[in-house]
Amino acid sequence: MKLSLFELCITRPLGFIISLIYDIVQNYGLAIILFTIIVKLILLPLQIKSQKAMKKQQKIQPIIAELQKKYANDQQRLQTEMMKVYKENNVSMTGGCLPLLIQMPILFGLYRVIQSPLTYIKGINFTDSAVLESAKQVVAEMVEKFPDTIGNVANMAIEQIVKNYQIQLTTWSELLGKTAELGWDINFNFLGINLSKIPSASLTPILSGNFSDMSTVLLILIPALAIFTTWLSMKQTQGQAQQQSNSGAENTAQSMSKSMTMMMPIMTGFFTFTLPSGIGIYWIISSITQMLQYYFLNKYFETREDDFVVTVPTKNRKNSKKRR
């Protein structure tokens, strides 16, 4: 089977890392947590670059504010002079977005890994005819013994099942007592929460007042914590943007930051509520790690104020530069 470039460059390496971690800790949730921390550490140089760019933007805002007043009636001249200031101080207005852009393909690749844990964590090769036959037998026995549990999935082609329902295959094999025989055993229990289920599964028992299966009910904590930590993370970064705004330099980047502060928790809630639970675990730990990195980097940068001195370009390039 020919693999796509995304599969080769993103999904397979991510699956390999999580597989190594799972082999050590033998817990699905803990493996995702450790994987997330490792990814954030790998991306730390980009985070440092991003926060440096944001801090430089903050320092440069008084200059931009003066230009906005001076050229309030000449937008073309204003844009020209602003670009000169940015260029003079080597400031990129998109520098702060780099870590977010890098994390998106990681998130997409991770979704595929989490959706297919037998392939990427346990190394099960479903292109092998014998393995595919075992999957067919599991589905057939589920139809016979637990028709209500397997539901409409029983009518799907086996190729579709092994591609999109591997988490379910692990729980079905456990119901049938076949996990040890097939090597499909994955420990989805994490702090009393059954991560083999999607958080939306908690809605039915909660609304009906049925709290007999707390491992399912507690799934609601995942999107709730994901929303909260995302909001905290966005507010943290928004605080720096607000300082820029207070200097009189409201701009497109700041407006976008405010919009994201409102939209990101909503998006987070939707994705972590409707996608496999592991995505929510990744999102929570990613946000917490992001906040810690942001806080300690800011503290460090406060001791390095000389690295953030900005200059004003003069009309005569031979003249000395005015320092801020």
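Leaving aside residues up to four places away in sequence, Tyr 28 touches Tyr 22, Ile 114, Pro 117, Ile 121, Ile 167, Ile 186, Asn 187, Phe 188, Leu 195 and Gly 278, where contact means heavy atoms within 4.5 Å. A second, separate core of eleven residues includes Ile 60, Met 82, Val 85 and Tyr 86, whereas the largest nonpolar core has 53 residues, with Tyr 28, Leu 169, Trp 172 and Trp 184 making the most contacts inside it. A nonpolar core is here a set of buried Ala, Val, Leu, Ile, Met, Phe, Trp, Tyr and Cys residues joined through side-chain atoms within 4.5 Å, and buried means under 20% relative accessible area, with a 1.4 Å probe and protein chains only.

This is a predicted model, in which local features need pLDDT of at least 70 and side-chain atom pairs count only at pLDDT 80 or more, while totals for chains, interfaces and linings use all residues. Residues are numbered from 1 along each chain as its sequence is written, and side-chain values use heavy atoms, with hydrogens and water left out.

Helix α3 (residues 44–70) and helix α16 (residues 277–302) pack at an angle of about 55 degrees, their axes lying 10 Å apart; axes are lines fitted to C-alpha atoms over the stretch in contact, and angles run from 0 to 180 degrees between N-to-C directions. Helices are DSSP runs (H or I, at least four residues) and strands likewise (E, at least two), numbered from the N terminus. The chain has 16 helices and four strands, and buried residues make up 44% of its 324 residues.

Methods:
Buried means under 20% relative accessible area, exposed over 50%, partly exposed in between (1.4 Å probe, protein chains only).
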